[in-house]
Amino acid sequence: MRPSRPRTPRLLRGYRPLRPGPDSFDQRAERIRLRSRMIALVLACLTLMALDHHPGAGSPLEPAREAMGSVFGPVESGTSTVVRPVTAIGGWFTSKRSLQHDIAALQSENARLKSQQATEQYQHNQLAEFQGLTSAADALGRALVPAHVVAYGPAQSFSRTVTIDAGSDAGVQPDQTVLNDDGLVGRVLRVTPTTATVLLIVDTESVVGGRVGASMKVGFLRGRGGLGDHGVLDLQLVDQAAAPAKGDTIVTWGSQGGAPYVSGVPIGRVTAVYASLRESSHRAVIQPYVDFGALDLVGVVVPSGTHSDRGVIEADGSLQ
Amino acid sequence: MKALRVVTAAALVVVALVLQVAVFPHVAWEGIVPNFCLLVVVAAALVRGPAFAATLGFFAGLMLDLAPPADHVAGRWALALVLVGYVAGLMRQETRTPATTVVATVAAASFVGTSVYALSGLALGDGVAGAGDLARVILVALLWDVLLTPLVLPAVMRLLTRLEPAGAR
């Protein structure tokens, strides 16, 4: 038989400690208050998640994002401007100014040659197929808005996004292509007057139409959301029988009207090809040309003649 | 006095957020940065207890969810930091908190915060990472947070203690 507890009259039960210990009415009331506040907060979080289940243009939280962006964007830009000279100190200590200058010159030359070599095969094919004409005309109608990357989404958030310091005042609009001198960086997701959020192509949500430079086969590149330098892409060709060769260059296929991606921007190199026997298709792993761990100066592709608050680099290299 | 407390807490969260997205990515390891917002919430929890910390965690998380360059489902960091505030608040002690307790609380809070965030992503099918990456992110973020604890927590805790209403303990 269980030892019986001393009985408490039912009416007093709420006011007397049921178990021994320093429990008082005050602490009990506080516990109840804490519990109800926790329930309210967790419910608020769940409500937010339900409302924002598909972040994007249709989400009811988009105005809040925009408001936060227009407040935080300038703060991020300002902080980044202050920090940039400090982060450059590391390189300043390790090498002399002239050496650094040489390295910069060589790097830009290297990048130019690399992109030339990367796109040569592709351009050759394009010409052969008389696509070059329309594409070149298309390319002539575009210009670049230069911008600095001012904030990075933390890897703890498992999404690869950055903030750039050019917004709608600079002529940047959602769904425009972002690139740098190495290749494709990503696309603009949303803009505020002074900043824009860019989805990097290595994000798991990113899908880019790609074309194999050597064979002109088209396919889709999906980000794997990898960290730092491990950011690689998966390429699946539309023609399932075709397999890209190792070392092939992948360029953008281009979307209708150049949004979100313009055509002919180098994306990356094929580093491995896996054959899936069951689905009789091939999956290739692409190493992007862009180093996503060290993004700084990028360009946003805008239509030529866009009104902007800063110098716009036109297709012929002139600054406007 | 209450207005001052609210303003201070808000300012702490804003500074934490800017450090996290604009300054520390330059020294980040594979993009993983110390979670300053989480450190502020833990400091608030150790000084003011779970109710205040959970509320602060909600607003700090909301900022992390909405301020650029965030692009995940809003409410995920808010939920993670609400739970962090609650769990860390249970560690509050009547007397001055010993350093080992502070470090242990930060470690536990970092683990809980990043894990809850990642799990909410799995549940919503939003920005899911592989298991290997997930474990690495949780571990490195924990190391970062513990490493930054002696630099951040004492100052923030002292500030919050000074602003504490008289006779709250």
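Visitor: Among contacts in chain B between residues at least 6 apart in sequence, what percentage join residues at least 24 apart?

Guide: The figure is 75% for chain B. Bear in mind that this is a predicted model.

Visitor: Which elements make up chain B, and in what order do they run?

Guide: Chain B has six helices and zero strands, so from the N terminus the order reads α-α-α-α-α-α under the run-based assignment of elements. Of its 169 residues, 57% count as buried. The chain exposes about 6,600 Å², with 73% of that area supplied by carbon and sulfur atoms.

Visitor: How does one check the length of a helix such as H2(B)?

Guide: Compare the expected span with the distance between the end C-alpha atoms. Helix H2 of chain B covers residues 36-48, and at 1.5 Å a residue its 13 residues should span 18 Å. The end C-alpha atoms are 18 Å apart, which agrees.

Visitor: Why is H2(B) described as largely enclosed?

Guide: The reading rests on burial, meaning under 20% relative accessible area. Twelve of the 13 residues of H2(B) are buried, so the helix is largely enclosed by the rest of the structure. Among them are Phe36(B), Cys37(B), Leu38(B), Ala44(B) and Val47(B).

Visitor: What covers those buried residues of H2(B)?

Guide: The cover includes five helices of chain B: H1 (2-23), H3 (50-66), H4 (76-89), H5 (99-124) and H6 (131-162).

Visitor: Turning to the interface, how many residues of chain A are in contact with chain B?

Guide: There are 47 residues of chain A in contact with 55 residues of chain B. Between them the two chains bury about 4,400 Å², and 70% of this lies on carbon and sulfur atoms.

Visitor: How many salt bridges does the rule find across the interface of chain A and chain B?

Guide: The rule finds one. Arg190(A) and Asp71(B) meet through their side chains in a salt bridge, at 3.0 Å from N to O.

Visitor: Which residues of chain A form a nonpolar patch on the surface?

Guide: The patch consists of Val207(A), Phe220(A), Val238(A) and Trp253(A), and together they have about 310 Å² of accessible area.

Terms used:
Residues numbered from 1 in each chain as written. Chains lettered and ligands numbered in written order. Predicted model: local features only at pLDDT ≥ 70, side-chain atom pairs only at ≥ 80, totals over all residues. Heavy atoms only, no water. Helix = DSSP H or I, 4+ residues; strand = E, 2+ residues; numbered from the N terminus. Expected span 1.5 Å × (residues − 1). Buried < 20%, exposed > 50% of the residue type's maximum accessible area, 1.4 Å probe, protein only. Contact = heavy atoms within 4.5 Å. Patch = residues over 30% accessible without salt bridge, like charges linked within 9 Å, V, L, I, M, F, W, Y side chains within 5 Å. Areas by Shrake-Rupley, 256 points an atom, 1.4 Å probe, with all protein chains shown as cover. Salt bridge = Lys/Arg side-chain N within 4 Å of Asp/Glu carboxyl O. Buried area = accessible area lost by both parts, 1.4 Å probe.
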